[in-house]
Amino acid sequence: MIRLVVADDHPIVREGLKQVLSGASDLAVVGEAQNGHEVLQRVRELEFDVLLLDMSMPGKSGIELIKQVRGEKPKLRILVLSMHPEPQYAVRAIKAGASGYLTKESASAQLVSAIRKVAGGGAFITDSVAEQLALGAMPQTEGPPHRALSDREFQVLQLLVSGKAVSDVAEELNLSVKTVSTHKARIMQKMNMSNPTELIRYALRHGLIDDPDPDRS
């Protein structure tokens, strides 16, 4: 029996995932979490095999949370669920310690097989992610500017382009406003951007955030 904890801040999503999993006799959901704090509680309190983890939850989440979970339970397998298809999200998650990456769009069709694969010691990634991991291991490879950002800078970028102010980002990441401002300046410099509007346009173009008006010309 493969024991699972489902972590997502939306109750409807958690219920949907459990419904998909209920058809597999070898899978059992033994716990749930709706934020980073609860994820760490479940990791410390429960014995389970796979953490099904949403990349974006209130409080500690994403790459930072993956690293902390791995630090506390190195053998725990982590399968990331995300709304973002951009391979860079998956590459960063895998490098942080996740065993697999699945978009929510394809979860209903691939979720059970993905869980079984990572629980068995394998990795679940798409061909495009595998290619990005291989390219990243090669010297002198080039790519979009956001791939040169550190994990923390990438996390700050995600929050900034989603419309959050520097003070909001500081509060969410438990950092000082000065530190976030420094990260923002480095992001702008590394990506050769002069204002936040350019960052948002870039993020939309590269699928880092959802377009609020997908039907516009």
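Here is a friendly tutorial dialogue on reading features of this structure.

User: Where do I start, and what kind of model is this?

Analyst: This is a predicted model, in which local features need pLDDT of at least 70, side-chain atom pairs count only at pLDDT 80 or more, and totals for chains, interfaces and linings use all residues. Residues are numbered from 1 along each chain as its sequence is written, and side-chain values use heavy atoms, with hydrogens and water left out.

User: How many helices and strands does the protein have?

Analyst: Helices (H or I, at least four residues) and strands (E, at least two) are DSSP runs, numbered from the N terminus. In this protein there are 10 helices and five strands.

User: How do I read the packing of two helices, say α7 and α9?

Analyst: Two packed helices are described by the angle between their axes and the distance between the axes. The axes are lines fitted to C-alpha atoms, for helices over the stretch in contact, and the angles run from 0 to 180 degrees between N-to-C directions. Here, α7 (residues 151-161) packs with α9 (residues 177-190) at an angle of about 95 degrees, and their axes are 9 Å apart. That makes α7 roughly perpendicular to α9; angles of 65 to 115 degrees get that label, while those under 35 count as roughly parallel, those over 145 as roughly antiparallel and the rest as oblique.

User: Which residues make the contact between α7 and α9?

Analyst: Contact means heavy atoms within 4.5 Å. From α7 come Arg152, Glu153, Val156, Leu157 and Leu160, and from α9 come Val180, His183, Lys184, Arg186, Ile187 and Lys190. Sorted by class, the contact of α7 with α9 has five nonpolar, one polar and five charged residues. For these classes, Ala, Val, Leu, Ile, Met, Phe, Trp, Tyr, Cys and Pro count as nonpolar, Asp, Glu, Lys and Arg as charged, and the others, Gly among them, as polar.

User: Is Glu153 buried or exposed?

Analyst: Buried means under 20% relative accessible area, exposed means over 50%, and partly exposed is in between (1.4 Å probe, protein chains only). Glu153 has 5% relative accessibility, so Glu153 counts as buried. This residue of helix α7 touches His183, Arg186, Ile187 and Lys190, leaving out residues up to four places away in sequence. Across the protein, buried residues make up 42% of the 217 residues.

User: What about Glu38?

Analyst: Glu38, in helix α2, is buried as well, with a relative accessible area of 18%. Glu38 touches Glu32 and Ala33, again not counting residues up to four places away in sequence.

User: Which residues does Asp49 touch?

Analyst: Asp49 touches Met1, Ile2, Arg3, Leu76 and Arg77, not counting residues up to four places away in sequence. Asp49 and Arg77 are 28 residues apart in sequence and 6.3 Å apart in space, C-alpha to C-alpha. You can find Asp49 in the loop between α2 (36-45) and β3 (50-54), and with a relative accessible area of 25% Asp49 is partly exposed. For the protein, 61% of the contacts between residues at least 6 apart in sequence join residues at least 24 apart.

User: How many aromatic pairs are there?

Analyst: A pair of aromatic rings is described by the distance of the centres and the angle of the planes. Rings of Phe, Tyr and Trp (its six-membered ring) pair if their centres lie within 6.5 Å; planes under 30 degrees apart count as stacked, over 60 as edge-to-face and the rest as tilted. By this rule the count is zero aromatic pairs.

User: Which residue lies over the face of Phe154?

Analyst: A charge sits over a ring if NZ of Lys or CZ of Arg is within 6 Å of the ring centre and within 35 degrees of the ring normal. Arg92 lies over the face of Phe154, at 4.3 Å from the ring centre.

User: What is the phi of Asn174, and where is Asn192?

Analyst: Phi of Asn174 is near 60 degrees, a positive value in a residue other than glycine. Asn174 is in the loop between α8 (166-173) and α9 and counts as exposed at 70% relative accessibility. Asn192 is in the loop between α9 and α10 (196-205). Asn192 has a positive phi of about 55 degrees although it is not a glycine, and Asn192 is exposed, with a relative accessible area of 68%.
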